[in-house]
Amino acid sequence: MSTDQVEPRAVASGIPVYCAFDELADITSLVPNPGNPNRHPERQIELLAKIIKAQGWRVPITVSDRSGFVVRGHGRLLAAQKLGVKEVPVDRQDYASDADEWADLVADNRLSELAEMDKGALVDLLQEIDAAPLDLELAGVTEEDYETLAAQASQADTAESEDEGLPFSSEGDTKEDAAEDELVQCPWCGYEFEPGQV
């Protein structure tokens with residue numbers, strides 16, 4: 001892991017800001033959208049606050065110039081409030097209509113929900129993070145989450161390797177090798193049959 005320090009673009013209430021932003025806004029000036037359908041459990045806010053405090057601001061809070069409401073980053077706003085900061089990085093956006101603004105608000109969370117996670121690849125990444133001097137929670141994962149994911153990925157690997165190729169005898173003969181044997185035994189049920197019956 002590199003020991004080089006990356007210079008932040010700014011510092012907001014003692015927290016480095018690495019993302020692009022339009023302004024550092026007073027946190028009390030930000031108004032959550034009252035129609036936001038997304039709910040943020042306390043555990044999510046705790047993790048977000050921990051990540052922002054440890055790694056700085058990597059994503060700003062998006063505010064609509066049309067309505068004045070927060071469009072993206074309601075969770076980050078709650079995390080910033082939990083941290084007790086006075087200012088946060090804000091990205092201001094213009095929207096052509098209320099519908100455009102609503103669509104952006106919904107899509108911000110909905111699109112990430114539609115992604116499919118490759119648990120094996122995730123476990124590989126988490127193992128690298130775990131091997132480094134970095135808290136796994138900074139990736140949004142608890143030790144318990146990590147152990148569960150690792151167990152699921154291991155089970156999936158085992159099931160996949162059992163499904164690869166169809167062995168026709170307890171010695172692992174393939175269909176081609178089976179032609180030379182007199183009888184072939186199914187490794188799952190034990191039934192024996194002539195090679196030509198396959």
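Modeller: We'll go through the salt bridges, then turn to one histidine. Keep in mind that this is a predicted model.

Biologist: How many salt bridges are in the whole structure?

Modeller: The search finds six.

Biologist: Which residue does Glu23 pair with?

Modeller: Arg92, through a salt bridge between the side chains, at 2.5 Å from N to O. Glu23 sits in strand S3, residues 23-26, and Arg92 in strand S6, residues 87-93, so the bridge ties together parts 69 residues apart in sequence.

Biologist: OK, helices now. What does Glu42 bridge to?

Modeller: Lys82. The closest N and O atoms of Glu42 and Lys82 are 2.8 Å apart. Glu42 is in helix H1, residues 42-55, while Lys82 is in helix H2, residues 74-83, so this pair links parts that lie 40 residues apart in sequence.

Biologist: What about Arg43, which partner does it have?

Modeller: Glu46. Their closest N and O atoms are 3.4 Å apart, and the two form a salt bridge.

Biologist: Where do Arg43 and Glu46 lie?

Modeller: Both are in helix H1. They are three residues apart, about one turn of the helix. Arg43 is partly exposed at 38%, and Glu46 is partly exposed at 34%.

Biologist: Which residues are joined into a network by shared partners?

Modeller: Glu23, Asp65 and Arg92 form one network, through salt bridges that share partners.

Biologist: Why would such side chains pair at all?

Modeller: Side chains of opposite charge can pair when their charged atoms come close.

Biologist: Switching topic. Where is His74, and is it buried or exposed?

Modeller: His74 is in helix H2. It is buried, because its relative accessibility is 8% and the cut-off for buried is under 20%.

Biologist: What polar partners does His74 have?

Modeller: The His74 side chain makes a polar contact with the side chain of Asn36, at 3.4 Å. A polar atom of the His74 side chain also lies 3.4 Å from the backbone oxygen of Val70.

Note on methods:
Residues are numbered from 1 along each chain as its sequence is written. This is a predicted model: local features need pLDDT of at least 70, side-chain atom pairs count only at pLDDT 80 or more; totals for chains, interfaces and linings use all residues. Side-chain values use heavy atoms; hydrogens and water are left out. A salt bridge is a side-chain nitrogen of Lys or Arg within 4 Å of a carboxyl oxygen of Asp or Glu. Helices (H or I, at least four residues) and strands (E, at least two) are DSSP runs, numbered from the N terminus. Buried means under 20% relative accessible area, exposed over 50%, partly exposed in between (1.4 Å probe, protein chains only). A polar contact is a pair of N or O atoms within 3.5 Å; within protein, one must be able to donate a hydrogen and the other to accept it, and residues adjacent in sequence count only if both atoms are side-chain atoms.
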